Amino acid sequence: MEKKIVVIGAGIAGLSAGCYARMNGYEAEIYEAHSIPGGLCTSWKRGEYTIDGCLQWLTGSAPGNSFYRFWKELGAIHGRKMYNRDEFCRFSGTDGRTFIAYCNVYRLEQHMKEFSPDDAETTELFCRLVRKFTTFEAPLGKAFELYNFTDYARMMWKMLPYMKDLGFCTRTTIGDFARRFKDPFLREVFSMIIDSPDMSLFVLVSTMALLHIKAGGFPEGGSLAFARAIEQRFISLGGKVYYGKPVEKILVKDGITCGIQLENEEQISADYVISCADLHTTVYKMLDGKYIEPQYEVLFQTAKIYHSSVQVSFGVNMDLTAEPGCVADMTKLEMPILIGNEKMEWLWVHNYSFDETLAPKGKTVVLCLFPAGNFDYWEKLYTNKAAYKKEKERIANVVAGELERKYPGFISCTEVTDVLTPMTYVRYTGNYHGTYMTWIMTPDLLKRHRLVKKTLPGLRNFWLSGMWVQPPGGVPSGAKSSRDILQMICRQDNKKFRTSES
Ligand SMILES: Cc1cc2nc3c(=O)[nH]c(=O)nc-3n(C[C@H](O)[C@H](O)[C@H](O)COP(=O)(O)OP(=O)(O)OC[C@H]3O[C@@H](n4cnc5c(N)ncnc54)[C@H](O)[C@@H]3O)c2cc1C
């Protein structure tokens, strides 16, 4: 008889866990609180418009990146058109200068040198690093937890040509590198390309390398369509997914996990449980804080958590195909605007006109994203529903005013408006403080926490998967952590880990 794996959460990690469980002959059931799959990787309809809440770029959307193979196994990209943009982001200052982070590294280098000739040396170093990592395919096929001496030797051999640069990139933060630029504008915007100056430079370098080889595209149809494809793969493999089923407790007998209890008190038995839901909720609520992993405690106390966002989206009866369609079209504001209790100096615009499936012809979805700042502010505001609603309306008006300056006629063409706050992320996914990229791994933290534990001390047959155990997060971390966990379960059951492609 097949052993049964119960998965909590149908985000990308949960759906991936289900798929790999079925590929390896386990009975698999997923229990999801929400009514749809995807978790953070989602989109939703507002009138005729599809508003996307997640993917700006998909790591591994094409060959040349290690994640490509995973998406093929998960049936996520088969036959799906990927949009690769020429520009990753652009920054327009108040003095009329515009810096463009081109996806093509040669074009980027030329532009950076023209933009700031005094910074040629730093530009050359950065672009050389990007070029170097265009051929780097991280050895991700096997879980690091299962590595033996031969695996390590093989990995070292493969990584030998990259070691020196990799060491530099992982030791240096994006912010530290940005400070090398003499041009003050370049210095300011360079650390905004990936939006987190505390992350290691490798995150930026590897992303730019990914974009250069066109393996970081936007999947046509957006994030929910991407998640739905994995859900369908799971179902076609014989898995069962139950929506509207919030899990309340993880059941344990004599230190061994034996199932879950739903909020409606129904109990589901299992040989193994994989929680792909928020780590904080899993450890401190579903398991009542009885099994504490000291590493998590350290990380919660010492690591910064990636901020949540305020997302303001509009459906406009305007054709913006001639405007930049990059991930972040950033404009420095003449006057800062207040979002929540934070002053914003930059307006981040994402014009989705490149994907015709998201709006009717001649119409466009325009999205603005802001770092949400202090979570406590939003949590407190949310307790007063009228004040919370009023603040969302105020934000929508302020942002629309800025967009009117950028695209004259914008306000009169607006057909739908949609505002998300950190509380929206909490309400729909349960993630701690509404984050979607977990702990920020600074070079110092990376040194001490190369691997984040996927099990809890004193608890058998239980695993944690998803962005929290594979920082910095993103959809690839969901697929990778769940694939690794199935390898570990197969090892425990003396089975050879198998995969297939759809
Ligand atoms: C604005 C934005 C932009 C982003 N851009 C990108 C990008 O460009 N590229 C990229 O790779 N990533 C991006 N991400 C990040 C990415 O979406 C996440 O890191 C990733 O989707 C996390 O997947 P997960 O499965 O680990 O967690 P989640 O998506 O949080 O899934 C957890 C699931 O568990 C469910 N759940 C929670 N509690 C319970 C319970 N008690 N019972 C049952 N179910 C429960 C939730 O409803 C959810 O479905 C972005 C995210 C956002 C919000």
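The side chains of K332 and E188 meet in a salt bridge, with 3.0 Å from N to O. A salt bridge here is a side-chain nitrogen of Lys or Arg within 4 Å of a carboxyl oxygen of Asp or Glu. In general, side chains of opposite charge can pair when their charged atoms come close. The model is predicted: local features need pLDDT of at least 70, side-chain atom pairs count only at pLDDT 80 or more, and totals for chains, interfaces and linings use all residues. Residues are numbered from 1 along each chain as its sequence is written, and side-chain values use heavy atoms, with hydrogens and water left out.

The domain assignment divides the protein chain into domain 1 (4-43 + 58-78 + 220-303 + 439-492), domain 2 (103-212) and domain 3 (309-432). These bounds come from an automatic or database domain assignment. The C-alpha centres of domain 2 and domain 3 are 30 Å apart. Their contact (heavy atoms within 4.5 Å) takes 5 residues from domain 2 and 4 residues from domain 3. Together the two domains bury about 320 Å², of which 69% is on carbon and sulfur atoms. Buried area is the accessible area (1.4 Å probe) that two parts lose on being put together, summed over both. E188, M192 and D195 supply 81% of the area that domain 2 buries against domain 3. Between domain 2 and domain 3 the count is 1 salt bridge.

The structure as a whole holds 32 salt bridges. One of them joins the side chains of R22 and E2 (3.5 Å, N to O). R22 lies in helix α1 (residues 12-23) and E2 in the segment before β1 (4-8), so this pair ties together parts that are 20 residues apart in sequence. Helices (H or I, at least four residues) and strands (E, at least two) are DSSP runs, numbered from the N terminus.

Helix packing was examined next. The axes of helix α4 (residues 120-132) and helix α9 (residues 201-212) come within 8 Å and cross at roughly 65°. Axes are lines fitted to C-alpha atoms, for helices over the stretch in contact, and angles run from 0 to 180 degrees between N-to-C directions. F126, L129 and V130 of α4 meet L201, L204, V205, M208 and A209 of α9.

Two backbone features stand in loops. The peptide bond from P471 to P472 is cis, with omega near 10°. P472 is in the loop between β19 (462-464) and α18 (475-492). T438 has a positive phi, near 60°. T438 is in the loop between α16 (422-429) and α17 (443-448).
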